[in-house]
Amino acid sequence: MNDQTAYRADLRIEVGAIRHNVAVLADRARRSGARTMAVVKSDGYGHGALTVARAALESGAEWLGVASVTEALHLRRAGIEAPLLCWLYSHGEDLTPAVAAGVDVSASTVADLRRIEEAASSLGRPARVHLKIDTGLNRSGCPPEQWPDLVESAAKAQADGAVEVLAVWSHLACADEPGHPSVDMQADRFRRAYEQARQAGLRPMRHLANSAAVLTRPDLHFDLVRPGIAVYGLDPVPQAGDHGLRPAMTFRSSVVLTKRIAAGEGVSYGHSWRAEQPVTVALVPVGYADGVPRTLSGRFSVWLAGKRRPVVGRVCMDQLVVLCDDDAVAEGDEVVLFGPGDRSEPTAAEWADTLGTIHYEIVTGMYRPRVSRTVVETEAES
């Protein structure tokens with residue numbers, strides 16, 4: 001691990017993989033006549049929002065999506081000028097900075113729209129608005145019974161020059177379960193909401209498809225698609241076949257100590273594991289403070305010295321112990337906790353399966369104060 005020996009742990013981000021994934025997704029969208037918005041919220045799902053944004057825009061994406069105004073302004077200040085949508089605000093949050101920076105903002109209620117109009121009025125420029133209809137996810141989005149009031153208000157605000165209504169949009173609840181009846185139900189509700197917007201005099205574009213729908217439902221691509229997790233090479237629908245994505249994040253550390261322990265000796269807190277015979281163990285300086293869940297204790301392995309090796313004993317706050325049997329392992333040897341899986345090393349998806357969660361949670365939770373992030377411009381395999 002010669003390039004990062006100063007760090008206890010490192011996230012290696014392959015920009016080539018991100019470029020490859022975006023190109024795959026944008027090509028699917030293009031074949032349906034749609035453009036692509038790459039979602040880079042939560043610091044690019046832990047990969048670095050600015051790094052991902054630049055790579056995505058160079059590889060076929062034309063729009064970017066984030067959750068918060070803060071995330072949007074970070075990208076604008078870094079020189080990102082592409083169309084950029086943010087959609088989640090704190091109660092009473094001032095949207096003037098977003099409108100001033102030319103950031104598209106979402107409205108789910110007439111109250112949202114009024115706040116956006118106030119921001120636009122204070123700046124003397126129209127705000128770019130996406131109207132969100134709740135089609136069944138039941139998080140943000142306008143309830144169907146309130147939708148006519150929202151689109152009528154938006155049409156009036158547009159006629160007054162306060163806003164430009166660019167899009168009607170929504171979010172699917174179960175697209176990662178191909179064939180789930182809610183997908184078609186939501187699509188029908190979305191189409192009805194769009195027609196109501198047109199009847200109110202609006203001519204917006206439409207966007208509904210998340211990563212799973214980009215890969216499995218070309219009929220729902222409409223005018224714009226919004227891939228998120230697939231940008232990072234993590235497949236939301238692996239049961240639907242190989243989609244040619246490549247994971248971009250590798251979590252790695254290095255061995256700081258090796259030792260022989262005698263038969264019967266316990267390892268780590270609580271001695272939940274004991275050696276049945278004399279063995280070599282290796283100490284790795286990462287733990288649950290660095291993103292390795294304590295609940296993985298006794299349930300996972302790492303890639304070290306050319307093979308998978310089990311982690312034994314409990315994962316501690318700052319360290320873990322790897323069983324090496326009688327193999328020669330040296331201080332400084334690289335330890336891969338998860339990666340793309342090319343060498344049969346563990347993957348983020350494997351961690352998620354073991355923990356009963358999703359790979360989104362794994363990668364977005366990895367960037368910690370003691371973990372460095374190294375961006376490399378490698379070319380992904382086709």
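At what angle do helix α6 and helix α7 pack, and how far apart are their axes? Helix α6 (residues 110-123) and helix α7 (residues 147-159) pack at about 15 degrees, with axes 9 Å apart. This is a predicted model, where local features need pLDDT of at least 70, side-chain atom pairs count only at pLDDT 80 or more, and totals for chains, interfaces and linings use all residues. Residues are numbered from 1 along each chain as its sequence is written, and side-chain values use heavy atoms, leaving out hydrogens and water.

- Helices (H or I, at least four residues) and strands (E, at least two) are DSSP runs, numbered from the N terminus.
- Axes are lines fitted to C-alpha atoms, for helices over the stretch in contact; angles run from 0 to 180 degrees between N-to-C directions.
- The angle of about 15 degrees makes α6 roughly parallel to α7.
- Angles under 35 degrees count as roughly parallel, over 145 as roughly antiparallel, 65 to 115 as roughly perpendicular, and the rest as oblique.
- From α6, the contact uses V110, L113, R114 and E117; from α7, it uses D149, L150, S153, A154 and A157.
- Contact means heavy atoms within 4.5 Å.
- Five nonpolar, one polar and three charged residues make up the contact of α6 with α7.
- Ala, Val, Leu, Ile, Met, Phe, Trp, Tyr, Cys and Pro count as nonpolar; Asp, Glu, Lys and Arg as charged; the others, Gly among them, as polar.

**Helix α7 against helix α8**

- The axes of α7 and helix α8 (residues 181-199) come within 9 Å and cross at roughly 40 degrees.
- This crossing of α7 and α8 is right-handed.
- W147, P148 and V151 of α7 meet A193, Q196 and A197 of α8.
- The contact of α7 with α8 has five nonpolar residues, one polar and no charged.

**Helix α1 against helix α3**

- Helix α1 (residues 15-31) packs on helix α3 (residues 49-57) at about 45 degrees, with axes 9 Å apart.
- That makes α1 oblique to α3.
- α1 passes α3 in a right-handed crossing.
- V15, I18, R19 and V22 of α1 touch T51, V52, A55 and A56 of α3.
- Six nonpolar, one polar and one charged residues form the contact of α1 with α3.

**UniProt annotations**

- An unreviewed UniProt entry annotates K41 and Y269 as "active site".
- They span 229 residues in sequence, and the farthest two C-alpha atoms are 37.1 Å apart, so they do not all gather at one spot.
- Of these residues, K41 is in the lining of the largest pocket.
- K41 lies in helix α2 (residues 41-45).
- Under "binding site", the unreviewed UniProt entry lists R139 and M317.
- They are spread over 179 residues of sequence and, in space, up to 34.8 Å between C-alpha atoms.
- Of these residues, the largest pocket has R139 in its lining.
- R139 sits in the loop between β6 (127-132) and α7.
- UniProt positions use the numbering used here, feature names are shortened, and annotations may be inferred rather than shown by experiment.
- On a 1 Å grid over the protein atoms alone, a pocket is an open set of points where a 1.4 Å probe fits, with protein on both sides within 12 Å along at least five of seven lines; lining residues have an atom within 4 Å of a point.

Definitions and conventions
Left-handed = near helix turned anticlockwise from the far one by under 90°.
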